[in-house]
Amino acid sequence: MTPKVTEGSLNARGLKFAIVVARFNSAITERLLAGALDALTRCGANEGDVEIVRVPGSWEMPLTIKTLAGQKRHDAVIALGAVIRGDTPHFDYVAGQAASGLAQAALETEVPVAFGVLTTNTVEQAMDRAGLKSGNKGFDAAMTAIEMADLLRMLRAGQ
Ligand code: INI
């Protein structure tokens, strides 16, 4: 048996992206942003097709992304933030609402939203995932956004 397989490619040429990046914990989120831009560049995205939107913190992401995605100007949105438990008595609220709000924004607008919001216990763990030891989750989120944008294009075209 050879079932049909549908899979998005990693070619970003001609696709439009918004990157929403939180200023809170900016030492980390700026590294995530650098990783995301690196991925988009390597995969062929045009500079003019990438828009960066800054928000105060991860809490502000769901409404911002729902608004942006609702305008249907982008093929995918990349959310970049860092919520660190050690510094955050209300960690669970900020991290939980960011996660569920972003999922809801994607479902309501039908625009893929890549979740590049780190949720860690310590600053060190966040740094490790922002390019120090364990890859760069901003890069990974951008790769996911590229693949999902292409996958949805194919599915909508009935391919
Ligand atoms: N926002 C973050 O993105 N990460 C955090 O770790 C964080 N902490 O620690 O509180 C955080 N808080 C700010 C929050 O996102 C909002 O900007 C703020 O509550 C105003 O609405």
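What follows is a chat about this predicted model.

Trainee: Let's begin with the sheet. In what order do the strands come?
Mentor: The order is β2-β1-β3-β4, in an open sheet of four strands with parallel pairing.

Trainee: And which strands sit at the edges?
Mentor: Those are β2 (50–55) and β4, each of which pairs on one side only. On average, neighbouring strands of this sheet are turned by 15 degrees against each other, ignoring direction.

Trainee: How many bridges join β1 and β2?
Mentor: Six bridges, in the parallel sense. As an example, Val 21 has Arg 54 in β2 as its bridge partner.

Trainee: OK, helices now. Which strands does α1 lie across?
Mentor: α1 lies across β1, β2, β3 and β4, and runs at about 155 degrees to β3. Helix α2 (residues 61–70) also lies across β1, β2, β3 and β4, at about 165 degrees to β1.

Trainee: What span should α1 have, going by its residues?
Mentor: With 17 residues at 1.5 Å a residue, α1 should span 24 Å, and its end C-alpha atoms are 24 Å apart, so the two agree.

Trainee: Which residues of α1 are buried?
Mentor: Ile 28, Thr 29, Leu 32, Leu 33, Gly 35, Ala 36, Ala 39 and Leu 40 are buried. They lie on the same side of α1, because they cover an arc of only 165 degrees around the axis.

Trainee: What about the other side of α1?
Mentor: There, Ala 27, Thr 41 and Arg 42 are exposed. As for the buried residues of α1, their cover includes β1, β2, β3, β4, α4 and α5.

Trainee: And what comes after α1?
Mentor: Gly 44 follows α1, with a positive phi near 95 degrees.

Trainee: Let's move on to the core. How many residues does the largest nonpolar one have?
Mentor: The largest nonpolar core has 29 residues. Those with the most contacts inside it are Phe 17, Ile 19, Ile 28, Leu 40, Ile 78, Leu 80 and Ile 146. Two or more residues of this core come from each of β1 (17–22), α1 (26–42), β3 (76–84), β4 (113–120), α4 (123–129) and α5 (137–156).

Trainee: Is Ala 114 buried or exposed?
Mentor: Ala 114, found in strand β4, has a relative accessible area of 4%, so Ala 114 is buried. Not counting residues up to four places away in sequence, Ala 114 touches Val 77, Ile 78, Ala 79, Ala 141, Thr 144 and Ala 145.

Trainee: One more: where is Arg 129?
Mentor: Arg 129 is in helix α4, and counts as partly exposed because its relative accessibility is 31%. The C-alpha atoms of Arg 129 and Leu 118 are separated by 7.8 Å, though these residues are 11 residues apart along the chain. Leaving aside neighbours within four places in sequence, the contacts of Arg 129 include Leu 32, Leu 118 and Lys 137.

Notes. Residues are numbered from 1 along each chain as its sequence is written. This is a predicted model: local features need pLDDT of at least 70, side-chain atom pairs count only at pLDDT 80 or more; totals for chains, interfaces and linings use all residues. Side-chain values use heavy atoms; hydrogens and water are left out. A nonpolar core is a set of buried Ala, Val, Leu, Ile, Met, Phe, Trp, Tyr and Cys residues joined through side-chain atoms within 4.5 Å. Buried means under 20% relative accessible area, exposed over 50%, partly exposed in between (1.4 Å probe, protein chains only). Two strands pair if DSSP finds at least two bridges between them. Axes are lines fitted to C-alpha atoms, for helices over the stretch in contact, and angles run from 0 to 180 degrees between N-to-C directions. Contact means heavy atoms within 4.5 Å. The expected span of a helix is 1.5 Å times one less than its number of residues. The arc is that of the directions from the helix axis to the C-beta atoms.
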